[in-house]
Amino acid sequence: MTKSNFKLAMRSLRSTKWRSFLTMLGVVIGVMSVVTIVSLGEGVRQQLTRQIKQSGPNLITIRPGRLVERDNKGQISQIHYIGLLNNGSLSEDDLRIVEKTPDLELVVPLGLINGIATNGNIKADSLLLIGTNDQFPTSINQKILYGSFFTAADANAPAAVIGDNVSKTLFRQVGPIGQPFDVRGQEVIVRGSLAPFDNSPLTPGVDYNNAILMPYDFAKTLGNGQIQLFQIMVRPKKGADLNKTISNLTGQLASAHGGNQDFTILSANDNQAIASKTMTVLTSLIGGIAAISLLVGGIGIMNIMLVAVSERTHEIGVRKSVGATNRQILDQFLVEAVAISLVGGILGIIGSLIANYFLRLWTSLEPAISPGIMLAALVMSLAVGVFFGVTPAVKAARKDPIESLRRG
Amino acid sequence: MPVIELSDVSKLYGFGNATTVALDEVNLVIEPGEFMAIMGPSGSGKSTLLNVIGLLDRPTHGDYKLGERYAARLRPNQRAVLRRDSIGFVFQSFNLLPKLSVLENVALPLAYKGMSQTKRLKIAGNVLERVGLSDREYFLPHQLSGGQAQRVAIARALVNEPSVIIADEPTGNLDSGSSRLVMELLSDIHKSGSTVLMVTHNPELTRYANRVVFMHDGSIISDEISAIGEVPRRARKTLYSIPKKTLQDDAAGVSALMGAIPEKPFKKVSKPKTTKSKRKKSYKASSRTSKK
């Protein structure tokens with residue numbers, strides 16, 4: 001019965017092509033925007049995860065500010081999203097404490113200095129100037145695309161390694177090795193260029209593709225002694241216990257801060273959890289807004305179905321007079337509403353696939369559409385059809401056959 | 001055993017002063033195989049009677065027995081199922097669904113029975129052959145003449161092999177030639193053993209019936225058995241007491257209706273209940289003008 005109802009519904013939709021199409025469009029746009037946004041979020045999440053995986057499972061990051069709350073088992077229970085952008089409260093004293101901690105393979109400080117990089121007439125004020133040490137590429141397993149990274153011997157040398165975008169913005173050429181540029185009147189020579197980062201998971205808000213990395217001590221001098229530590233990356237020696245190292249670091253830093261935990265130590269897993277949770281929150285927020293358009297689409301269906309029911313009153317009367325039960329009339333109109341929303345859903349998914357294709361083509365985003373998302377979208381459009389189709393269908397089913405027949 | 005048994009069936013519309021009596025304690029017994037014509041002026045309750053018998057409407061009071069089922073107090077869905085299985089409707093305005101082909105229109109009642117598509121189209125094809133429209137199976141209703149459309153409607157009414165065929169002025173929209181064809185078809189159906197109820201304004205058509213009932217103000221005022229091929233006495237009076245325009249007009253049932261109103265109502269066929277008659281008269285007087 002449902003199958004023949006569906007055929008009947010498709011026929012009735014075809015007979016009012018424009019109207020059906022426009023009604024469907026509401027659902028198409030709704031599903032398309034929700035699916036696209038969710039797959040975008042999923043894509044970014046996958047990029048973040050990949051980046052964290054690339055850095056290895058035992059990289060520990062220390063950041064200023066209290067970013068997370070933990071439950072008894074040490075699992076992250078709450079994230080302070082505002083704190084993710086927080087700086088301060090991490091000093092060079094802390095760096096020294098960390099460096100003295102036993103069983104560490106490497107310690108990489110990351111500090112920001114103020115300044116604008118210029119190259120002749122080109123002024124690049126959006127670039128970040130970061131001081132770090134020679135271990136930086138090792139710590140996160142980042143490849144050097146051109147040239148080489150500075151070494152430990154270069155601590156005070158005016159050398160720089162640039163992010164992938166900098167060659168475009170500051171030099172307008174590929175691999176500007178040996179090219180000079182100026183920061184605060186000091187000439188700095190480009191030593192190397194980093195391979196592009198998918199994203200910047202290690203520090204939200206810092207885009208390493210738009211960063212100029214310089215030796216820590218040189219950078220500090222360049223900034224007149226002012227350097228703001230926003231992250232210290234630590235990797236324990238092979239065989240050392242990760243959790244033990246973390247608790248060791250936590251204890252030492254806390255005692256240096258007078259017992260306050262105004263810093264955060266995160267393992268690779270924690271970082272991944274934060275990235276994942278953050279993306280989920282963001283995606284559901286924007287996806288939720290997009291879902292409103294689906295709601296509007298649903299109201300469109302309801303509206304058009306109400307019109308259809310009153311237009312087809314006579315048909316309902318005829319059908320009832322030949323023995324259709326209320327339930328059979330209800331099914332007929334409900335299936336019609338569901339057909340609109342379901343076909344709209346399918347078109348929306350196809351539209352979203354096309355949109356994702358062009359997003360990959362034209363932007364650096366890599367939206368990931370999974371079968372799960374598609375299935376969820378279908379179920380969602382089905383639910384919209386049922387929810388907004390029920391009222392008109394009930395109205396149709398309850399029509400009085402004699403009255404309906406009279407409306408010929 | 002009668003196929004239809006109405007006892008004291010009343011149908012009232014409205015409340016209080018505005019109450020309209022569409023059916024006034026009608027008693028009617030119809031045996032299987034009867035061809036009953038129902039006549040009467042507009043607003044006399046003929047259509048309401050057919051709607052009640054056809055289970056489209058439920059009586060306000062009284063009992064209605066269709067075959068062995070007590071049908072007056074059924075719930076809407078039970079009524080729908082009973083209607084589907086035992087009643088076939090033929091309307092004045094055909095009431096075919098415009099977007100379905102002739103074959104699909106005929107098969108419609110079977111679809112609500114849950115029959116598979118191939119099976120129901122096959123049965124519908126057979127019934128269409130019976131009404132002589134096999135070559136019109138894939139036409140749409142608007143491509144048919146009025147007579148053909150009505151024959152399709154009759155095929156649709158027949159397709160479920162109902163125990164009662166209800167025809168509400170089946171020739172009202174047809175010319176005389178088509179009228180004759182349709183009436184011959186109904187007569188054939190009657191001859192093959194079906195029970196047919198027909199409302200008509202045309203006394204000529206009572207020739208096809210073996211029983212003629214007159215209604216007035218919701219009551220049956222005359223109930224005659226007559227041989228097929230004869231216009232019964234009362235109908236003949238209707239027939240000859242009005243000025244006719246042309247024979248064609250009359251045969252198509254266009255005019256010939258106002259003469260059916262008797263000067264003085266005949267004695268009721270239903271047992272009049274003396275205790276209630278006074279009360280009835282009071283609201284009947286007020287309702288006569290307000291009825292459709």
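This is a predicted model: local features need pLDDT of at least 70, side-chain atom pairs count only at pLDDT 80 or more; totals for chains, interfaces and linings use all residues.

Q: Is B:Glu169 buried or exposed?
A: B:Glu169 counts as buried, because it has 22 C-beta neighbours inside 10 Å and the cut-off for buried is 20 or more.

Q: Which residue in chain A has a positive phi without being glycine?
A: A:Arg172 is one of them, with phi near 55°. It is in the loop between helix 5 (166-171) and strand 10 (180-183) of chain A.

Q: And A:Arg172, buried or exposed?
A: A:Arg172 counts as exposed, because it has 10 C-beta neighbours inside 10 Å; the limit for exposed is 12 or fewer.

Q: Back to chain B. How many helices and strands does it have?
A: Chain B comes to 9 helices and 10 strands. Of its 292 residues, 47% count as buried. Take the contacts in chain B with a separation of 6 or more, and 70% of them are between residues 24 or more positions apart.

Q: What's the strand order in the 6-stranded sheet of chain B?
A: The order is 6-7-8-3-9-10, in an open sheet with mixed pairing. Strand 6 (87-90) and strand 10 (219-225) are the edge strands, each pairing on one side only. On average, neighbouring strands of this sheet are turned by 20° against each other, direction ignored.

Q: How do strand 6 and strand 7 of chain B run, parallel or antiparallel?
A: Parallel, with 4 bridges joining strand 6 to strand 7 (residues 164-168). In one of the pairs, B:Ile87 has B:Val164 as its bridge partner.

Q: Which helix lies across strand 6 and strand 7 of chain B?
A: That's helix 5 (residues 146-158) of chain B, running at about 170° to strand 6. Helix 6 (residues 176-191) of chain B lies across strand 3 (35-39), strand 7 and strand 8 (195-199), at about 150° to strand 8.

Q: Switching topic: how is chain A divided?
A: Into domain 1 (2-49 + 280-406) and domain 2 (58-276). Their centres, taken over C-alpha atoms, are separated by 49 Å.

Q: How many residues of the two domains of chain A are in contact?
A: 6 residues of domain 1 are in contact with 6 residues of domain 2. On the domain 1 side, the largest share, 5 residues, comes from helix 2 (residues 17-55) of chain A. That side divides into 2 nonpolar, 3 polar and 1 charged.

Q: And how many residues of chain A and chain B are in the contact?
A: 18 from chain A and 21 from chain B. Helix 9 (313-321) of chain A is among the elements giving two or more residues to the chain A side, and its 4 residues are the largest share. By class, the chain A side has 7 nonpolar, 8 polar and 3 charged residues.

Q: Last one: which residues have the most contacts inside the largest nonpolar core?
A: A:Leu129, A:Ile212, B:Ile38, B:Val106 and B:Leu197, in a core of 176 residues. Helix 2 of chain A gives the most to this core, with 13 residues. Both domains of chain A give residues to this core, so it lies between them.

Note on methods. Residues are numbered from 1 along each chain as its sequence is written. Chains are lettered from A and ligands numbered from 1 in the order in which they are written. Two strands pair if DSSP finds at least two bridges between them. Axes are lines fitted to C-alpha atoms, for helices over the stretch in contact, and angles run from 0 to 180 degrees between N-to-C directions. Two residues are in contact if their C-beta atoms, placed from the backbone, lie within 7 Å. Domain bounds come from an automatic or database domain assignment. Ala, Val, Leu, Ile, Met, Phe, Trp, Tyr, Cys and Pro count as nonpolar, Asp, Glu, Lys and Arg as charged, and the others, Gly among them, as polar. A nonpolar core is a set of buried Ala, Val, Leu, Ile, Met, Phe, Trp, Tyr and Cys residues joined through C-beta atoms within 7 Å.
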